[in-house]
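Thanks for coming. I have one structure to go through today, and I will keep to what can be read from the atoms.

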Amino acid sequence: MQPSTDHSRTPLPPSPPGGAKARFPHLRQDFAASLVVFLVALPLCVGVAVASGVPAELGLVTGIVGGLVTGLMRGSSLQVSGPAAGLTVLVFEAVREFGLPVLGVIVLGTGLLQIAMGALRLGRYFRAISLSVVEGMLAGIGLVLIAGQVYAMTGAGAPASGLGKLAGIPGALLDAVRDPGALASLGLGAGTIAVLVLWPRLPRAVRGVPGPLAAVGLATLAAALFSLPVATVEVQGLLESVQPPPLSAFGELAGIGLLGTVVAFALIASAESLFSAAAVDRMHDGKRTEYDKELLAQGAGNTLCGVLGALPLTAVIVRSAANVSAGARTRASRVLHGVWLLLFAVALPWALAYIPIPALAGVLVHAGAKLIPLKALVRMWHGQRGEALILVVTAASIVAVSMFEGVLIGLGLAVAKTAWDASHLKLSVTDKGAGPVQVHLSGNATFLRLPKILDALDALPADRPVELDLSGVHHLDHACRTALENWRERHARSAPSPRPEPEPGQVLAEAEAGPG
């Protein structure tokens, strides 16, 4: 998901009234778009599953559910859901910590929590999340994803921590150069990335084939023609891979660690889906997303994925953008793409065994790079450096600590920055040389600005009367009120009064009665 993705807006014509044709007025356009989305989704479903440490078929299962279940429900009409690269790191960590059987419990809990949030109409509030935190989250995911998949491209094992992955990349690349088999694997992955980068620059006729499919197809062909010693996808069969979570796995819910993982899955998947929906809305002129209904649809899909023991699903901006660009008009296109995935999983699962893992890793390295919002970061740095700092710290925290803690750190920074920005206070001192010194405060007087206020007041002459005007203060919190009353009492004992002193708190009470 990249909220800042910019696409041309596609107008959606109104449906013709009445008749059988009115039920499917755009079937031709939706049918063609569904084929394009299927070809884009197929390598991504398999690649995300392999990178997540689960059977490749489970990625197809999640894609099928995203099309047939989430795709049928209302919310965002043109958004396409399935397994997402943005959740790969989180899923991999969960599988490593709790095991594959417990993954179904986590995804089931995620779906139920999303349904509850949608029923409580909380979907709209996800739009209130700081965009710098979301983009920092995506950047952190992208960095960890890239680092992990570089090892998959060389056929080497990856360190457990994000920092370990990044630090070990130079050594892994040097080891690959010395090993002919690893070098062939790395070359195949690098070639896949090159195809993905160059594909948009090729003639339109060639670009009719989606880039990910072309890259993986060419890599598969090269591996077969040159008999390259590279690892390929292990195929277990669709029915064999679908393993509903056993009852014993639900006992893990008693642990706080698993509950925290469920919450992290739900919040991150929901945020990614709803921000993707906002980006898709900017691509066309049709019906806008109903955020609460979209959250219900995502929850229904994840609930079923959990029951089947599959990967979590979320809206995917790559597939959604392909859907809009291919001319989709209704949600029939995303439902049909789920049908094509189902037919492939039933009829051609053996074809997965020919796909080289380095090629899938290359696809995910390219996807991870697109998650890093370099252009947005540059714009923030020139215009809002505080927001840029939040983005960088969020991404770095995810890499250094973990996904959940990194997002919490980013949210904390965003709240702190908002509080600081909201506490604007102007303090002016007027000393005419005779009579009292006049001090005027305006804005929001909070504890964050208390040091500035007290420093200015303490610098005033102790032997001169002071008139403290708070009529321009919109908000006065308890800390500032108490500090000002204490300062006023101290100063009154040391300075003569030009007029009868007001009752304690009188001026402060007048300020409190102002706006805000």
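Local features are taken where pLDDT is at least 70, and side-chain atom pairs count only at pLDDT 80 or more.

Now the overall picture. The chain is built from 20 helices and five strands. Its C-alpha trace spans about 95 × 70 × 55 Å along the principal axes. There are 516 residues, and 49% of them count as buried. If you take the contacts with a separation of 6 or more, 80% are between residues 24 or more positions apart. The accessible surface comes to about 23,300 Å², with 66% of that belonging to carbon and sulfur atoms.

Next, the salt bridges. How many salt bridges does the count come to? The count is seven. I will show three of them.

One runs from E290 to K287, with 3.2 Å between the closest N and O atoms. The other runs from E290 to K293, where the closest N and O atoms are 3.1 Å apart. Together K287, E290 and K293 make up a network of salt bridges. How open are these residues to the surface? K287 counts as exposed because its relative accessibility is 52%, and the cut-off for exposed is over 50%. E290 is partly exposed, at 26% relative accessibility. K293 is also in the partly exposed class, with a relative accessible area of 35%.

Is E387 buried or exposed? E387 is buried, since its relative accessible area is 17% and buried means under 20%.

Moving on to the nonpolar surface. L247, F250, L253, I256 and L259 form a nonpolar patch there, and together they have about 510 Å² of accessible area. Within that patch, look at F250. F250 sits in the loop between α9 (238-241) and α10 (256-281). With a relative accessible area of 30%, F250 is classed as partly exposed.

Last, the serine, S333. You will find S333 in helix α13, which covers residues 332-347. Its relative accessibility is 0%, so S333 counts as buried. What does S333 contact, leaving aside its neighbours within four places in sequence? The partners are D30, A33, S34, N323 and A328.

Keep in mind that the model is predicted. That is what I have.

Conventions: Residues numbered from 1 in each chain as written. Heavy atoms only, no water. Helix = DSSP H or I, 4+ residues; strand = E, 2+ residues; numbered from the N terminus. Buried < 20%, exposed > 50% of the residue type's maximum accessible area, 1.4 Å probe, protein only. Contact = heavy atoms within 4.5 Å. Salt bridge = Lys/Arg side-chain N within 4 Å of Asp/Glu carboxyl O. Patch = residues over 30% accessible without salt bridge, like charges linked within 9 Å, V, L, I, M, F, W, Y side chains within 5 Å. Areas by Shrake-Rupley, 256 points an atom, 1.4 Å probe, with all protein chains shown as cover.
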